[in-house]
Structure formats: structure tokens, C-alpha cells
Amino acid sequence: MALTEPATLVLTALVGQPHHGYALIAQVEELSEGRTRLSVGTLYGLLDRLSSEGLIALDREERHAGRTRRYYRLTDDGAAALDAEAQRLAHLARAASARLRAARAV
């Protein structure tokens, strides 16, 4: 199953440590070099979907400035899905590059 770019970026952001929603928004923007900016509504819809698919899980909740922050972590299934997506994208990039090199050689 191919992941969407925002899902791939969220899973990538969660590699190594849990993050809360606003940190994920910042991480996604940084990882995409500003190309992907998630709204809060889009992010939480995506988090719900990734959670229901078992790719992420709630790590903990903390109170901060009177609000509850939910921290999410990558699951083993999420890491496997991210690895598969990275391999899929790398394969596509290699195929595209090979075709371009072949077309230039003609």
C-alpha cells in the first residue's frame, strides 16, 4: 500500500521519538523544505487514520498551559510501512533516472 506524502512525512517525523501535534506540523514542514504545510484539522484526521491502521500509537498525554498534548509514536508496523514506502519511492526514482539517461543517450 502506497502512503500519501503527508502520511510518509508524519511517519518520518516520528522515527526515533514521539511528538505532539504542533511539533509534527513543524517537523513535516521542515522535512518537506516548506512544500507541505499541514493544517491542524488535516493533521488530526491523518493521525486518526494512521492510528486506526496501527501505524502510530498514542505514547502519552501531558498537560501544558492548561491543554492536553497527545504524543504519538511510530509502531513496528508503521516503521515497516515507512521502510516499504521509502524502498518504493527509491525504486521509482531509479527507474525515472534510468529512463532519462537512456533518452538523453539517443
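This is a predicted model: local features need pLDDT of at least 70, side-chain atom pairs count only at pLDDT 80 or more; totals for chains, interfaces and linings use all residues.
Reader: What order do the strands take in the open sheet?
Author: β1-β3-β2, with antiparallel pairing. Strands are DSSP E runs of at least two residues, helices H or I runs of at least four, numbered from the N terminus. Pairing needs at least two DSSP bridges.

Reader: Which are the edge strands?
Author: β1 (19-20) and β2 (56-64). Two bridges join β1 to β3, and His 20 stands opposite Tyr 71 in β3.

Reader: New topic. Which element gives the largest share of the lining of the largest pocket?
Author: β3, with five residues. α2 (21-31) and α3 (40-52) each supply at least two. His 20 is among the lining residues too.

Reader: And Glu 85, buried or exposed?
Author: Buried, because its relative accessibility is 3% (buried is under 20%, exposed over 50%, partly exposed in between, with a 1.4 Å probe and protein chains only). Glu 85 sits in helix α4 (residues 76-105).

Reader: What does Glu 85 touch?
Author: Met 1, Ala 2, Leu 3 and Thr 8, leaving out residues up to four places away in sequence. Contact means heavy atoms within 4.5 Å. The Glu 85 side chain reaches the backbone nitrogen of Leu 3 at 3.3 Å.

Technical notes. Residues are numbered from 1 along each chain as its sequence is written. Side-chain values use heavy atoms; hydrogens and water are left out. On a 1 Å grid over the protein atoms alone, a cavity is a set of points where a 1.4 Å probe fits but cannot get out, and a pocket is an open set with protein on both sides within 12 Å along at least five of seven lines; lining residues have an atom within 4 Å of a point. A polar contact is a pair of N or O atoms within 3.5 Å; within protein, one must be able to donate a hydrogen and the other to accept it, and residues adjacent in sequence count only if both atoms are side-chain atoms.
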